[in-house]
Amino acid sequence: MKAVKKSEWQLQTAKNRFSEVVNRAITDGTQTITRHGKPVVVVMSQEEFRKLAPPKKDKGTVDLLSLLQSCPDGDLLCEMLEKNRADIRRPVRERAL
């Protein structure tokens, strides 16, 4: 019979065996920490976290999808984008207003 690897830890045990919790998160996947029997924290590898986290944006970067979704007249915006397709491909520069 194959041994089941632990993935849930009581808080006190996790504190006492933190290195093991971290190593298991790296090798076996997420580790759940419980307090009073309820899950409160998840420990995961950096690699797994990066898969879940959205990519960081540079300062001044505009989220085009959000901008398009907030546009009151989507058809007009689409027409403008088509007319200015060449301009769209140029890098965006910040300008003081």
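I began with the secondary structure and counted 6 helices and 3 strands in the protein chain, taking both as DSSP runs numbered from the N terminus (helices H or I of at least four residues, strands E of at least two). Read from the N terminus, the elements run β-α-α-β-β-α-α-α-α.

I note that this is a predicted model, in which local features need pLDDT of at least 70 and side-chain atom pairs count only at pLDDT 80 or more, while totals for chains, interfaces and linings use all residues. Residues are numbered from 1 along each chain as its sequence is written, and side-chain values use heavy atoms, with hydrogens and water left out.

**Whole chain.** I looked up burial and found that 12% of the 97 residues count as buried, where buried means under 20% relative accessible area, exposed over 50%, and partly exposed in between (1.4 Å probe, protein chains only).

**Strands.** I then turned to strand 2 (residues 31–35), which is joined to strand 3 by 5 bridges in an antiparallel arrangement; two strands pair if DSSP finds at least two bridges between them. Within this pair Gln31 stands opposite Val43 of strand 3, and in the hairpin, which has 2 residues between the strands, His36 takes a positive phi near 55 degrees.

I placed Glu8 in strand 1 (residues 8–10) and recorded it as partly exposed, because its relative accessibility is 48%. Setting aside residues up to four places away in sequence, Glu8 touches Thr32 and Thr34, a contact being heavy atoms within 4.5 Å.

Beyond its neighbours within four places in sequence, Ala25 is in contact with Gln31, Val43, Met44, Ser45 and Glu48.

Why does Ser45 count as buried? I recorded it so because its relative accessibility is 13%. Ser45 lies in the loop between strand 3 (38–43) and helix 3 (46–52), and a polar atom of its side chain is 3.1 Å from the backbone nitrogen of Glu48.

Terms used. Polar contact = N/O pair within 3.5 Å; in protein donor to acceptor, adjacent residues only side chain to side chain.
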